[in-house]
Amino acid sequence: MSAFTGSARDTASVPGAGGDLLAALLDGMDAALCALDAGGTVTHWNREAERILGWPAAEAVGRRGFDGWAARSADAEETLARLMGAMRTPGRQVHELALLRKDGGRVLVRSQSAGVRGADGRPAGVYCAFSEVHAQIDLERSIALSEALFDDAPWGVVLIDADLRPAVVNGHAARAIGTGRTTLLGRPLGDVVAQGVEELEGALQHVLAEGGPPAPADLWVTLAASPGAGERRRCWRSGFVRLASPLTEEPVPLGVAWLFQDVTEERLAAREADRTRFRWNQLHRAGVAAAEYADPAEAVAVLLDFALAGFADHGLVDRVAGARRLTRAVASPAGAPDADGLGGGFPQRYGPEHPALQAWDRAGSVRVDACRRAGGDGRGDVAAWAAERHWPADTAHALCTALRSRGRTVGVLTFLRTAARGAFDRQDALYAETVAARVAAALDAPPPH
């Protein structure tokens with residue numbers, strides 16, 4: 001029974017380092033600890049037990065059971081019996097017990113008790129570690145939350161360490177990035193993010209230094225190409241939480257919890273809706289303004305000026321002037337370098353495979369882009385490509401569409417973009433065809449009576 005003799009304070013008075021060490025260990029524990037011998041007498045009581053219940057070790061050690069002090073008389077025998085039952089049961093036993101504080105208040109604790117055997121193998125008593133139930137529940141909630149975030153969360157969760165490298169990645173985040181959960185661990189973020197990594201790392205550095213931002217933010221990133229797939233441009237709605245150790249006197253940053261959702265489709269849809277509203281508003285304004293001009297060329301110039309805003313850098317209108325011949329009618333913006341081509345009614349020097357002639361032949365739209373050689377910036381190739389088609393030297397993308405009026409092609413409308421803009425897409429072609437219908441109607445309007 002020597003293992004159950006004396007309180008933590010008594011042990012501290014035992015000569016030798018062993019007694020000092022045992023006292024320090026018991027009193028330094030985060031959990032409350034008490035021990036009872038085989039007869040149910042309290043033999044150990046540490047500082048955390050004193051903090052929770054208010055009973056000092058000097059008043060707790062030596063009492064049999066809890067009747068008259070740490071438990072109500074109606075509960076004391078049952079409480080003692082449940083704890084002492086651990087002597088006869090293997091493993092740990094978990095109980096919730098209603099105990100009394102020294103000031104008379106009741107407190108619900110969750111205990112874990114286990115039996116202790118003496119040198120002869122016989123039951124010698126039990127030890128019981130306990131904590132307030134709400135504190136235990138808070139801990140269990142935190143653990144459950146962490147497990148849920150990394151197993152079932154409908155958004156990506158990545159724990160980033162203080163060196164800005166992923167330490168834990170949940171399944172949703174791994175799927176969003178396009179890799180396995182363990183593949184990312186310990187790797188620089190630049191290995192999976194081709195563009196936007198500086199913005200992401202900047203956000204993480206700010207959170208480590210200053211704490212999380214007040215609201216989530218949109219981060220646009222381009223994911224590195226994976227085998228069999230090209231680069232992917234994604235928008236992640238991201239929130240950040242700085243993690244600090246609760247076990248140090250001053251907060252020590254452990255890293256950052258990065259939570260995100262992929263909102264690419266929503267952002268692209270919103271952007272497309274904004275673009276569509278702007279374009280149709282421009283068409284309305286263009287129609288109202290062009291109606292004030294009697295000269296078809298002036299009306300067409302006004303239509304082009306409005307249509308170019310936010311859409312293209314140059315607009316060209318060529319009229320049909322015979323078999324596969326086109327003459328320049330309008331160029332917008334007026335006076336732009338190399339944009340006027342041959343004026344004065346002279347035919348344009350378009351080759352037989354020119355996109356404008358292809359659009360005429362198809363009575364539809366043709367989209368083309370400059371081809372760049374691998375290596376170098378490709379500027380020389382772009383300029384040569386544009387020069388061959390008699391377009392401004394900085395042209396990188398073109399969209400030609402036939403001007404149709406009263407069942408025939410009356411010309412070709414060409415929109416040109418520099419390399420600073422993206423290539424024309426199908427939605428751009430639909431808009432260009434709508435503009436072309438209005439330009440064709442203005443260009444082919446019958447003379448006023």
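Predicted model: local features only at pLDDT ≥ 70, side-chain atom pairs only at ≥ 80, totals over all residues.
**A walk from a loop to the helix pair**

His390 belongs to the loop between helix 12 (379-388) and strand 15 (395-405), and its phi is positive, about 60 degrees, although the residue is not a glycine.

Leu164 also has a positive phi, here about 65 degrees, and is not a glycine either. You will find Leu164 in the loop between strand 6 (156-161) and strand 7 (166-169). With a relative accessibility of 13%, Leu164 falls under the 20% cut-off and so counts as buried. One more backbone feature deserves a stop: Ser332 and Pro333 are joined by a cis peptide bond, with omega about 0 degrees. Pro333 sits in the loop between strand 13 (326-332) and helix 11 (355-362).

Now to the helices. Two packed helices are described by the angle between their axes and the distance between the axes. For helix 10 and helix 13, the axes come within 8 Å and cross at roughly 165 degrees. That angle is over 145 degrees, so the two helices are roughly antiparallel to each other. The crossing of helix 10 past helix 13 is right-handed. On the helix 10 side, Pro296, Ala299, Val300, Leu303 and Ala307 take part, meeting Tyr431, Val435, Arg438, Val439, Ala442 and Leu443 of helix 13.

Because Phe311 lies in the loop between helix 10 (296-308) and strand 12 (314-320), while Tyr431 is in helix 13 (residues 426-443), the pair ties together parts that are 120 residues apart in sequence. Both partners are buried: Phe311 has a relative accessible area of 0%, and Tyr431 one of 4%.

Elsewhere, Trp45, Trp55, Phe66, Trp69 and Phe130 form one aromatic cluster. Phe130 is also among the contacts of Ser111, together with Leu83, Gln93, Val94, His95, Leu97, Cys128 and Ala129, leaving aside neighbours within four places in sequence. Ser111 itself lies in strand 4 (residues 106-117) and is buried, with a relative accessible area of 0%.

Rings meet charges here too. Arg271 lies over the face of Trp220, at 5.0 Å from the ring centre, and the charged end of Arg417 sits over the ring of Phe424, 4.0 Å from its centre.

Note on methods. Residues numbered from 1 in each chain as written. Heavy atoms only, no water. Helix = DSSP H or I, 4+ residues; strand = E, 2+ residues; numbered from the N terminus. Buried < 20%, exposed > 50% of the residue type's maximum accessible area, 1.4 Å probe, protein only. Phe/Tyr/Trp six-rings, centres within 6.5 Å; stacked < 30°, edge-to-face > 60°. Lys NZ or Arg CZ within 6 Å of the ring centre and 35° of its normal. Contact = heavy atoms within 4.5 Å. Axes fitted to C-alpha atoms, helices over the stretch in contact; angles between N-to-C directions. Parallel < 35°, antiparallel > 145°, perpendicular 65-115°, else oblique. Left-handed = near helix turned anticlockwise from the far one by under 90°.
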